[in-house]
Amino acid sequence: MKLSRFFAIALFAVAAPSFAQTYKIDPTHTFPSFEADHKGISFWRGKFTKTSGTVTLDRAAKSGSINIEIAADSIDFGMDKMNGHAKSKDMFNVEQFPTIKYKSTALKFDGDKLVAVEGELTMLGVTKPVNLTINKFKCIQDAMTKREICGADASAEFKRTDFGLNYAIAYGFAPEVKLAIQVEAAKVD
């Protein structure tokens, strides 16, 4: 009886549950930016200025989830005329599709280091896999707020035509889009 009790205790210790922490995206420090071809001779660069969402992270179990929402009408190229055109039916059609969403399906670790996120991007009503490379990830105790905050630099590449954003493809514009995402999130108490 003592031996079986020992194994039960040992099994419980090995299978003890991990505890996930939830972090709220800081919209003042999170800006998904992108780079897209312009006629094969230069690039247009822009960003979205309104982002919200949550990250759930269980470092011990090396798991978690990411749910991000981006306001499509917050697109900013630094040029009002281009912003207006990008919001039209030609491109992001923000009236019909006001939100761009990203939802993770798996977080990938190399030891204790978060290195990639597998997930799905929904844009213009189309959902497709888009995986993020995590170039840098770090959590610290914020000296100002006294809360734990995490930050990351992530990147990805996808074809906008996969989502139905076909504007100017017939004129020789390339469909590839490069993403560069700076993100910070604060632990929810």
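Select Lys47 and Phe31: Lys47 lies over the face of Phe31, 4.9 Å from the ring centre. A charge counts as sitting over a ring if NZ of Lys or CZ of Arg is within 6 Å of the ring centre and within 35 degrees of the ring normal. The model is predicted, so local features need pLDDT of at least 70 and side-chain atom pairs count only at pLDDT 80 or more, while totals for chains, interfaces and linings use all residues. Residues are numbered from 1 along each chain as its sequence is written, and side-chain values use heavy atoms, with hydrogens and water left out.

**Aromatic rings**

Next, select Phe34, Trp44, Phe48, Phe77 and Phe92, which form one aromatic cluster. The structure holds five aromatic pairs. Rings of Phe, Tyr and Trp (its six-membered ring) pair if their centres lie within 6.5 Å; planes under 30 degrees apart count as stacked, over 60 as edge-to-face and the rest as tilted. Within the selection, the ring centres of Phe48 and Phe92 are 5.7 Å apart and their planes stand at 85°, so this pair is edge-to-face. The pair links distant parts of the chain, 44 residues apart: Phe48 is in strand β3 (residues 42-48), and Phe92 is in the loop between α2 (80-87) and β7 (99-110). Helices (H or I, at least four residues) and strands (E, at least two) are DSSP runs, numbered from the N terminus. Phe48 and Phe92 are both buried; buried means under 20% relative accessible area, exposed over 50%, and partly exposed in between (1.4 Å probe, protein chains only).

Move to Phe158 and Phe163, another edge-to-face aromatic pair, with 5.4 Å centre to centre and 80° between the planes. Phe158 and Phe163 are likewise buried.

**The largest pocket**

Now select Pro32, Ser33, Ile70, Leu179 and Ile181, which lie nearest the centre of the largest pocket among its 50 lining residues. The space in this pocket is about 850 Å³. A pocket is an open set of points on a 1 Å grid over the protein atoms alone, where a 1.4 Å probe fits, with protein on both sides within 12 Å along at least five of seven lines; lining residues have an atom within 4 Å of a point. Grid points are joined across faces, edges and corners, and the volume is the space filled by probe spheres set on the points. The lining comprises 40 nonpolar, six polar and four charged residues. Ala, Val, Leu, Ile, Met, Phe, Trp, Tyr, Cys and Pro count as nonpolar, Asp, Glu, Lys and Arg as charged, and the others, Gly among them, as polar.

Thr51 is in strand β4 and is buried, at 4% relative accessible area.

**Two loops with positive phi**

Select Lys62, in the loop between β4 (51-58) and β5 (63-71). Lys62 is not a glycine, yet has a positive phi of about 55°. Its relative accessibility is 33%, so Lys62 counts as partly exposed.

Then select Leu124, in the loop between β8 (113-123) and β9 (126-129). Leu124 also has a positive phi of about 55° although it is not a glycine. Leu124 is buried, with a relative accessible area of 14%.

**The annotated span**

Finally, select residues 22-186, where an unreviewed UniProt entry places the feature "domain: Lipid/polyisoprenoid-binding YceI-like". The end C-alpha atoms of this span lie 8 Å apart, and the span is 5% helix and 59% strand.

Definitions and conventions. UniProt positions are given in the numbering used here, feature names are shortened, and annotations may be inferred rather than shown by experiment.
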